[in-house]
Structures are given as C-alpha cells and as structure tokens.
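Keep the viewer open as you read.

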Amino acid sequence: DRSLLPLTRMTMAGKLADAGSDGPAFASLLEGYAKPPASVTGLLLLLEGGFIVTMEGSAGEILPMLRAMNVELGSGMLATCKVIAAQEDVRKRYFPSWSSTKMSVVRSNYAEIDGEAQLTQLLADTCIAMMKVGKYLSTAGGDAASLSKWESLGLDMPSNERIAQLLELTEPTPLATFMQIYETPVDVVMESERVW
C-alpha cells in the first residue's frame, strides 16, 4: 500500500526574531505552502523561546517551504533554524494534515551530553516524540488544540527546555548550510573522463 511517490520527512528547530508578532505570521507562511495542490502534512509547535516543526511530503513539495524559511533567516521572521533530521523515502506519513499550535511545555528535561552517542540519542528522541504526536493527531482527528492537554494524554512532547538545548548545540546543521548542500548540483566525474 505504499505510494509510488517517495516521501521525505524533515524536523527542524529554530527561534523566531520576535516570538510575539512573528508566530502567527510564520505559521501562516508555512500553512500557505502546505495547502492543496501540495500535500504537505506535519506540525509546527510554537513554544516559549523557539519552535519545532516536522513536515512530510514529496521532496518537490517540501523544497519550496524550505526555500521560504531560508529567505526568512537573519533578516526576516527567523533568527535561527537548524535541521534536526532529514529522511528520504519514508514508508508512511505520521501526520494526517498540516497544523500548527502555540503552547508552553515545561518539563525540565535538559539532557547532559558527554559524547556523540548521547547527542544522537537526544536528536532521535526529539524526532520520535514529534512522530508520536503525529500518530496521536491521526487518531484524534488532527485536532492540534487538544495538545494543550499533553500531560493527561501521556504524550512525550518536545519541551521549551529541549528546543533551547537544541539551539545551543553546534552539531545540528543550520538550515542555510543544509540548503547550500542540498541545492548544489552534483558534479559527477566519470572514471573515463579522468583516465585517458
């Protein structure tokens, strides 16, 4: 039952230039790229001090959204944005539709990182938490407003502290660097061109 069109899933964390005024504008910007005919699904969580977003769709549908976010970096709505995970050819969607919500998740789950293994675990746990939220939204009819009851629902929500910690780390790739690499044409040199 897999779609013939390969799916891409990306998770990014960032900080708005002005959380008070830019939050609704940023949510509206991303929603514009998720509307039909595009079929981008996902969730934008606007938290205190930052945001986390997971988007799913074909690479051709996600790329315009990434370009728009990249344009907003520095001089626009975004102060910073880092790519936490990028997966291609994922098996299925976890989010039923595109949604966004503003909330505060206080959990005091700042993690000590002593090496690469802990960093990898931290990034993986954050992405898995977002996917579990997407799975919940699929069963709850896609109501992002119900996420405000995350504690009673037993959801492992990404917290304000976790997003702040991700933004402090130097290892996650900045969106601008990711776009430079991702959009640069591949220069393939054939063996026959180098040997004569």
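Start at T101, which you'll find in strand β5, residues 98-102. One thing to keep in mind as you look around: this is a predicted model. Is T101 buried or exposed? Its relative accessibility is 15%, and since anything under 20% counts as buried, T101 is buried. Leaving out residues up to four places away in sequence, T101 touches L44, L45, L46, A144 and L147.

Now hop over to I84, which sits in strand β4. I84 has a relative accessibility of 9%, so this residue counts as buried too. Which residues is I84 in contact with, once neighbours within four places in sequence are set aside? They are T11, M12, A13, L123, C127, L166 and P172.

Next, the aromatics. How many aromatic pairs does a search of the whole structure find? It turns up two. In one of them, the ring centres of F26 and F51 are 4.9 Å apart and the planes meet at 50°, so this pair is classed as tilted. The pair ties together distant parts of the chain, with F26 in helix α1 (residues 19-34) and F51 in strand β3 (residues 50-57), 25 residues apart. Both F26 and F51 are buried.

The other pair is F178 with Y182, and this one is stacked: the centres are 5.4 Å apart, with 15° between the planes. Here both partners belong to helix α6 (residues 175-183), four residues apart, or about one turn of the helix. How do the two partners compare in burial? F178 comes in at 16% relative accessibility, so it counts as buried. Y182 has 34%, and therefore counts as partly exposed.

Time to zoom out. The chain has seven helices and six strands, and along the sequence they follow the pattern β-α-β-β-α-β-β-α-α-α-β-α-α. Of the contacts between residues at least 6 apart in sequence, 82% join residues at least 24 apart.

What about overall size? The C-alpha trace spans about 70 × 40 × 35 Å along its principal axes. A compact globule of 196 residues would have a radius of gyration near 16 Å, and the chain's 18 Å agrees with that. Of those 196 residues, 45% count as buried.

The accessible area comes to about 10700 Å², and 53% of it belongs to carbon and sulfur atoms. As for charge, the chain carries 16 positive and 24 negative side chains, and the centres of these two sets are 7 Å apart.

Conventions:
Residues numbered from 1 in each chain as written. Predicted model: local features only at pLDDT ≥ 70, side-chain atom pairs only at ≥ 80, totals over all residues. Heavy atoms only, no water. Helix = DSSP H or I, 4+ residues; strand = E, 2+ residues; numbered from the N terminus. Rg over C-alpha atoms; globule rule 2.2 N^0.38 Å. Buried < 20%, exposed > 50% of the residue type's maximum accessible area, 1.4 Å probe, protein only. Contact = heavy atoms within 4.5 Å. Areas by Shrake-Rupley, 256 points an atom, 1.4 Å probe, with all protein chains shown as cover. Lys, Arg positive; Asp, Glu negative; His and termini not counted. Charge placed at Lys NZ, Arg CZ, Asp CG, Glu CD. Phe/Tyr/Trp six-rings, centres within 6.5 Å; stacked < 30°, edge-to-face > 60°.
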